[in-house]
Amino acid sequence: MAFLEEFPEKAKEFAGAATERAKEIADVAAEKAKEAVDSARLVAAVAAEQRALDKSCKALGEWYLSQLEGEAPAEIADVVAAARASQEKLAELKAARQKEEEEVLPVERPCPLCGTLTDGKFCPQCGAPMGD
């Protein structure tokens, strides 16, 4: 019967030890979470600073290219030539797109029956076929 008399005391000791272990685990988990947050914060800060640097370098390069008159220095001649070729190609593509958009614009014409202007195959007023 000594076991039954000691049981409540042993249960309290076990519960106390389990509680202490749970606190230790929670402390370790909290520390790991804090480290992860700090690491993520640093990664985000590095990425933000890299974007700012890239933006500044892009602006600097665009300015330099716009100010450059004549031949580029030999060290960057290839890069300048490639940038200028890209600028020309971009201008050509934009012009082609503009031309395409102008060609695609529908032309309104009068309905043969009621005279309503439309660009569709049928008149929206009377439903008559517009005839292609």
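Arg 21 and Glu 24 sit 3 residues apart in helix H1, so about one helical turn separates them. They form a salt bridge, with the closest N and O atoms 3.4 Å apart. The model is predicted. It holds 4 salt bridges. A nonpolar surface patch of about 500 Å² is also present.

**Arg 21 and Glu 24**
- Arg 21 has 48% relative accessibility and counts as partly exposed.
- Glu 24 is partly exposed too, with a relative accessible area of 38%.

**Network around Asp 38**
- Salt bridges link Lys 34, Asp 38 and Arg 41 in a network.
- Between Asp 38 and Arg 41, the closest N and O atoms are 3.4 Å apart.
- Both residues lie in helix H1, 3 residues and about one turn from each other.
- Asp 38 is partly exposed at 29% relative accessible area, whereas Arg 41 is exposed at 55%.

**Lys 58 and Glu 62**
- Glu 62 pairs with Lys 58 in a salt bridge, and their closest N and O atoms are 3.5 Å apart.
- The two are 4 residues apart in helix H1, so the separation is about one helical turn.
- Lys 58 is exposed, with 54% relative accessible area.
- Glu 62 is partly exposed, at 46% relative accessibility.

**Nonpolar patch**
- Leu 60, Trp 63, Tyr 64, Ile 76 and Val 79 make up the patch.
- Helix H1, residues 2–67, gives the largest share, 3 residues.
- Ile 76 lies in the loop between H1 and helix H2 (77–104).
- Ile 76 has 30% relative accessibility and counts as partly exposed.

Methods. Residues numbered from 1 in each chain as written. Predicted model: local features only at pLDDT ≥ 70, side-chain atom pairs only at ≥ 80, totals over all residues. Heavy atoms only, no water. Patch = residues over 30% accessible without salt bridge, like charges linked within 9 Å, V, L, I, M, F, W, Y side chains within 5 Å. Areas by Shrake-Rupley, 256 points an atom, 1.4 Å probe, with all protein chains shown as cover. Salt bridge = Lys/Arg side-chain N within 4 Å of Asp/Glu carboxyl O. Buried < 20%, exposed > 50% of the residue type's maximum accessible area, 1.4 Å probe, protein only.
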